[in-house]
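Please look over the model, then read on.

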Amino acid sequence: MAYTIQDIESKAREMLGTSPLGQEGRVLRSACQTAAAELESKLRAGVKSSDIEELFTCAAGLLAISLYIELTGIPGDNIESFKAGELSVKLRDGAKTGSSQALRMRAESMLSAYLECGSFDFKGVAG
């Protein structure tokens, strides 16, 4: 079964710990669509999002939150904690920290083994 935008949106809402409504809810949905399209376009040849569905959905949810923060400026634009195991993002008050960029980097890092482009990951040296 392939992921849906609703799957990504549910994951993003779960990680945000809130469920934006109205205009902000529409912004989040658009961010989810954009995140999925962006990550799909970066997948290496032969890699299908359906092959890595859970990982892809989580990474797209993180990227969607990053876009959402950029578009809405969540008050404080600050993340107190991030857990990768059960993926959750906790917002806190305080100065700007660049959390949007950090989330984008984390999303791309999660899929680094499957992306055509992106940052360099050292995997090992053939001996």
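## A pair within helix 2

Glu38 and Lys42 sit 4 residues apart in helix 2 (residues 22-42), about one turn of the helix. Helices here are DSSP runs of H or I with at least four residues, and strands are runs of E with at least two, both numbered from the N terminus. The two residues form a salt bridge, with the closest N and O atoms 3.4 Å apart. The term salt bridge stands for a side-chain nitrogen of Lys or Arg within 4 Å of a carboxyl oxygen of Asp or Glu. Side chains of opposite charge can pair when their charged atoms come close.

The model is predicted: local features need pLDDT of at least 70, side-chain atom pairs count only at pLDDT 80 or more, and totals for chains, interfaces and linings use all residues. Residues are numbered from 1 along each chain as its sequence is written, and side-chain values use heavy atoms, leaving out hydrogens and water.

## From helix 2 to helix 4

Lys42 has another partner. Its side chain meets that of Glu108 in a salt bridge of 3.0 Å, N to O. Glu108 lies in helix 4 (residues 99-110) and Lys42 in helix 2, so this pair ties together parts 66 residues apart in sequence. Salt bridges with shared partners join Glu38, Lys42, Arg104 and Glu108 into one network.

Are Lys42 and Glu108 buried or exposed? Lys42 is buried, at a relative accessible area of 18%. Glu108 is buried too, with a relative accessible area of 18%. Buried means under 20% relative accessible area, exposed means over 50%, and partly exposed falls in between (1.4 Å probe, protein chains only).

## A pair within helix 1

Arg13 and Glu9 form a salt bridge through their side chains (2.7 Å, N to O). Both lie in helix 1 (residues 5-16), 4 residues apart, about one turn of the helix. Arg13 is buried, with 18% relative accessible area. Glu9 is buried as well, at 5% relative accessibility.

## The chain as a whole

The structure holds 7 salt bridges. The chain has 4 helices and 2 strands. From the N terminus on, its elements run α-α-α-β-β-α.

Of the 127 residues in the chain, 41% are buried. Among contacts (heavy atoms within 4.5 Å) with a separation of 6 or more, 62% link residues 24 or more positions apart. The chain exposes about 7200 Å², and carbon and sulfur atoms supply 52% of that area. Accessible areas come from the Shrake-Rupley method with a 1.4 Å probe; for residues, only the protein chains shown count as cover.
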